[in-house]
Amino acid sequence: MSIRETHENSWRAQLLRNMLALALLAHGHAYAGDQEAEGMQKIEGSIWYRERIALPPNAEIHVYLEDAARMDSPSEVVASTSITPHGGPPWSFTLPYDPKTLHERGRYILRVRIEADGRLLFINTQSIPAFAGDASAPLEIRVSRVPSSRPADVTEVPDVSLTDIYWKLVEIEGQEASLGAGQLELHMVLTSDGHRVRGFSGCNRFTGNYERNGGRIQLAQLASTRMACVDVDAMEQEQCFLNRLREAQRFTIHADELAIYSGDAHLVLRFLAVALH
């Protein structure tokens, strides 16, 4: 064998060793990535609605896995994902979550919100169990349009006043508010005269006082009648509504919508102005 052939064979051998080292290194990185994602699981499904309308171009869909075991406190978000919808419904989603964050006493549900520029457009009105039925079958989640009195052909609407307005409750802790006893809607009115608040919380009428300082608000001395509801869900919703009112610290008004926030800037209640009193 010539000296030239000896050098060529040595070069080929070194090239093979380098290629093998690179392959092993790449495999090691892939293995580490697999190890890092090991144990993660996912929920898959689709989102749709019946209305024959198109979403605005800036719409976003948010999907949350929440623990709603305690009705008297905000649901705990376990995992979430967001998607940008293209075309019409249905839209598919994949929600990764870590099963180690779940516990036996949890009540895990899925919540879907479709928003545009901070305005809620659609939300699921039925509680969706996250782990009921066939785990391998994708979930189909129907969302419903959030009612609004804002005219569709008007781009800007002046903000209504906080006081002397009939504020209909449309959302509580991210869920659409249900009608109360007698199919009456939950609502409140804050009077400009005397800083009083009154309303219907689902089973009972309530009254109280409020203090406002700019965008801050506090409701105090809330008292209600003592009528019992046959509907347990209505009673639970009433208690949650009154508790959220007592936690109110800040509010915003955009056109005909009132949003109430707790001390930690968590959105707890959303109202719609539907009539003047």
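View 1. At 5% relative accessibility, Tyr49 counts as buried (under 20% relative accessible area; exposed is over 50% and partly exposed lies in between, with a 1.4 Å probe and protein chains only). Phe122, at 2% relative accessibility, is buried as well. The model is predicted: local features need pLDDT of at least 70, side-chain atom pairs count only at pLDDT 80 or more, and totals for chains, interfaces and linings use all residues. Residues are numbered from 1 along each chain as its sequence is written, and side-chain values use heavy atoms, with hydrogens and water left out.

A search of the whole structure finds 6 aromatic pairs (rings of Phe, Tyr and Trp, the last by its six-membered ring, with centres within 6.5 Å; planes under 30 degrees apart are stacked, over 60 edge-to-face, the rest tilted). The ring centres of Tyr49 and Phe122 lie 4.2 Å apart with planes at 10°, so this pair is stacked. Because Tyr49 belongs to the loop between β1 and β2 (60–67) and Phe122 to strand β6 (residues 119–123), the pair ties together parts 73 residues apart in sequence. Helices (H or I, at least four residues) and strands (E, at least two) are DSSP runs numbered from the N terminus. Tyr49, Trp91 and Phe122 form one aromatic cluster.

**View 2. Phe241 in the largest nonpolar core.** This core has 28 residues, and Phe241 and Leu269 are among those with the most contacts inside it (a nonpolar core is a set of buried Ala, Val, Leu, Ile, Met, Phe, Trp, Tyr and Cys residues joined through side-chain atoms within 4.5 Å). Elements giving two or more residues to this core include α2 (232–247) and β18 (267–276). Apart from it lies another core, of 26 residues, among them Ala59 and Phe93. Phe241 and Phe271 are both buried.

**View 3. Ser46 and Glu140 on two strands.** Ser46 lies in strand β1 (residues 41–48), and Glu140 in strand β8 (residues 139–142). Ser46 is buried, with a relative accessible area of 15%, whereas Glu140 is exposed at 64%. Leaving aside neighbours within four places in sequence, Glu140 is in contact with Ser46 and Trp48 (heavy atoms within 4.5 Å). The C-alpha atoms of Glu140 and Ile47 are 6.0 Å apart, across 93 residues of sequence.

**View 4. Arginine charges over tyrosine rings.** The charged end of Arg111 sits over the ring of Tyr64, 4.6 Å from its centre (NZ of Lys or CZ of Arg within 6 Å of the ring centre and within 35 degrees of the ring normal). The charged end of Arg250 sits over the ring of Tyr261, 4.2 Å from its centre.
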